[in-house]
Amino acid sequence: MNGAAAAAAGEEVMRAFARPDLDHESWWAALEPLLSSEAQADYVYVEPASIPAREVTAEPSAREDTSAYIARVTVPTDIGDYTVLLSRQDANAPWLAERITPPETAG
C-alpha cells in the first residue's frame, strides 16, 4: 500500500542525514525540507560531524503497520539499522521525517 513510497522517503532522509563530512549549512539545506516542522526544531542544532552513520548500505523497508499517515522505515547503514518515523497530513501529501533513531548499538 504505502510501503514503497514510505521506504523511498525514509532512504532519502537517511541519505541526507548520514553526511558527517558536510558543514552544517550544506547538511541542513539538504535535510530540512525532508523534516516535519517539529523535527526541524529538533534537528536544527545537530552537528553533522556527530552522526556516526556515513552511508545507506541496503534497501530500506517499511514496517507492516504502515498506514496512510504514519510509517516506520528501517534503513540499513554502515553502523546498523536506523529507524525513520515518517508522517504526512493526507494520503497525497509527501512523507516527512518526525524522528531519526540510530541503532541501539550506536554510541
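Because the model is predicted, local features need pLDDT of at least 70 and side-chain atom pairs count only at pLDDT 80 or more, whereas totals for chains, interfaces and linings use all residues. Residues are numbered from 1 along each chain as its sequence is written, and side-chain values use heavy atoms, with hydrogens and water left out.

Four strands form an open sheet in the order β1-β2-β3-β4, with antiparallel pairing; strands here are DSSP runs of E with at least two residues, helices are runs of H or I with at least four residues, and both are numbered from the N terminus. Two strands count as paired if DSSP finds at least two bridges between them, and the edge strands, each pairing on one side only, are β1 and β4. Strand β2, residues 70-77, pairs with strand β3, residues 80-87, over eight antiparallel bridges, and the two form a hairpin with two residues between them. Within this pairing, the bridge partner of Ile70 in β3 is Ser87, while that of Arg72 is Leu85. On to β4: this strand, residues 96-101, is joined to β3 by five bridges and runs antiparallel to β3, and here Ser87 stands opposite Leu96.

The 15 residues of α1 should span 21 Å at 1.5 Å a residue, and its end C-alpha atoms are 21 Å apart, which agrees; the expected span is 1.5 Å times one less than the number of residues. The buried residues of α1 are Ala6, Ala7, Ala9, Gly10, Glu11, Val13, Met14, Ala16 and Phe17, buried meaning under 20% relative accessible area, exposed over 50% and partly exposed in between, with a 1.4 Å probe and protein chains only. What covers these residues includes α2, α3, β1, β2, β3 and β4, contact meaning heavy atoms within 4.5 Å.

The axes of α1 and α2 come within 9 Å and cross at roughly 175°. The two helices are therefore roughly antiparallel to each other, since angles over 145 degrees count as roughly antiparallel, under 35 as roughly parallel, 65 to 115 as roughly perpendicular and the rest as oblique. Val13, Ala16 and Phe17 of α1 and Trp27, Ala30 and Leu31 of α2 make the contact, and these residues divide into six nonpolar, no polar and no charged.

Two individual residues complete the picture.

Technical notes: Axes fitted to C-alpha atoms, helices over the stretch in contact; angles between N-to-C directions. Nonpolar A, V, L, I, M, F, W, Y, C, P; charged D, E, K, R; others polar.
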